[in-house]
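Some comments on the ligand site and on one helix pair follow, as numbered points. Please read them with the model open.

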Amino acid sequence: MDSILVRGNGPLNGVIPIAGAKNACLALMPATLLSDEPLTLTNAPRLSDIRTMTLLLQSLGAEVTGLQDGKVLAMSSHDLNNLTADYDIVRKMRASFLVLGPLLARAGRAVVSLPGGCAIGARPVDLHLKAMEALGADLDLREGYVHAEAKGGLKGAVIDFPIVSVGATENALMAATLAKGTTEIRNAAREPEIVDLAQCLRKMGAQIEGEGSPTIRIEGVDRLTGATHPVVTDRIELGTYMLAPAICGGEVELLGGRIDLLGRFCEKLDAAGVSVEETERGMKVKRKNGRVSAVDVVTEPFPGFPTDLQAQMMALLATADGVSVLEERIFENRFMHAPELNRMGAQIEVHGGHATVTGVEKLRGARVMATDLRASVSLILAALAAEGETLVGRVYHLDRGYERVEEKLSACGALIERVPSP
Ligand code: EPZ
């Protein structure tokens, strides 16, 4: 198990390329199960989660070939020969549950392991199951698996989600493309990953309208064809690296960055005193003047402030001038990075879903431990601005969602390297 060693080294200056979105790719890959023709994804990120999804699809009989060093995923489920998504793979990555809708739609049957718990919250899948039942599937939960069957195929329905769920919207959207009749998904998630999935499904022949709005309408079709589709830019990787010059100083250009992917994140950066300027190639980010100012943050479904950038924003606010309050409204346990930041001299108090951050002039390097994907990169951001050395342990969390972090940050002057854990 590796660790990442970071030495605070002042302002960052340079260029960082942003990869394709992990969370878009993890929904686009199961879409190959909807058709017996090839689906090719370009601009795919090279991440361990993508490799896990590859193994899952291959276990179902799909072919998944990584071309151009993994940036292109050539897939085909022509020879789909297994409808069971095994616990051993699903437990490693919750997004595996996104094969449920496509398998039911394509084959009328699916046996999918229930995903286990997760560090950031219980993360039930009840909304996914309710959506499948609304589309006419019979579900039987036993021995930790969902046994789903849709005799005669799925039928269009109104699916009215009580709360916004990205994954449940994705499962319902994919299932509805081959259901008989019309489906209306109400209170649908509006994230850019949903829009990207709908655009790919439309290239495959699906009839979809309203993606990106709270109501998505789908007219079922008999079959879907193959397609080639570029994975949308990763807005969470983008936001993460925008915070690097914000916390360290300097100016960084983010290739492929798009303001429209960021919702209210940019407003908060602006309020904190960070300027974002669009360029031909993406966007440039730097502090407007010295130390950033405290701002309050509430995480919400898109276009609100993304929960996946909450930990990284906390690292910035730990060094801000003033007191900030962060409210985490999406997950019940997503402040595990706070005690680790406090080991670096931050002053953060957590009470339930609220974290109060009293900014300090300077953080100090320390040994810290990553607890989940976004917490791991929050600690790296803090370490870049801290005095002295920081050793971040359990970086396997990091490799799930960030391609070549050391390389991208070193190119901008950071002193960061991967070292064997002590
Ligand atoms: C997706 O997870 C992302 N993962 C998460 O990113 C992201 O944090 C989350 O959306 C919110 O934006 C992928 O896309 C692979 P939800 P998902 O269903 O779909 C509750 C990362 O760091 N809920 O929108 O699982 C749930 O417990 C990861 O890249 C139910 O109650 O999130 C949560 O409180 C972390 N029942 C809220 O809804 C359900 O059936 C939002 O969850 C489903 C969800």
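1. A polar contact here is a pair of N or O atoms within 3.5 Å. The model is a predicted one, and the distances below should be read with that in mind.

2. Leu127 takes part through its backbone instead, with an N or O atom 2.7 Å from an oxygen atom of the ligand.

3. How much of the ligand does the protein bury? The ligand taken alone exposes 830 Å², and 86% of that is buried by the protein.

4. The shell around the ligand holds 21 residues, and those that come nearest are Asp126, Ser165, Asp308, Ile330 and Arg374. By type, the shell divides into ten nonpolar, five polar and six charged residues.

5. Four helices each supply at least two residues of this shell: H1 (22-28), H5 (126-134), H6 (166-176) and H12 (373-385). Which helix gives the most? H5 does, with three residues.

6. On helix packing, H6 also pairs with helix H4 (residues 100-107): the two pack at an angle of about 15°, and their axes are 7 Å apart. Angles under 35 degrees count as roughly parallel, so H4 is roughly parallel to H6. The crossing of H4 past H6 is right-handed.

Definitions and conventions: Residues are numbered from 1 along each chain as its sequence is written. This is a predicted model: local features need pLDDT of at least 70, side-chain atom pairs count only at pLDDT 80 or more; totals for chains, interfaces and linings use all residues. Side-chain values use heavy atoms; hydrogens and water are left out. A residue is near a molecule or strand if one of its heavy atoms lies within 4 Å of it. A polar contact is a pair of N or O atoms within 3.5 Å; within protein, one must be able to donate a hydrogen and the other to accept it, and residues adjacent in sequence count only if both atoms are side-chain atoms. Accessible areas come from the Shrake-Rupley method with a 1.4 Å probe; for residues, only the protein chains shown count as cover. Ala, Val, Leu, Ile, Met, Phe, Trp, Tyr, Cys and Pro count as nonpolar, Asp, Glu, Lys and Arg as charged, and the others, Gly among them, as polar. Axes are lines fitted to C-alpha atoms, for helices over the stretch in contact, and angles run from 0 to 180 degrees between N-to-C directions. Angles under 35 degrees count as roughly parallel, over 145 as roughly antiparallel, 65 to 115 as roughly perpendicular and the rest as oblique. A crossing is left-handed if the near helix is turned anticlockwise from the far one by less than a right angle, and right-handed if clockwise.
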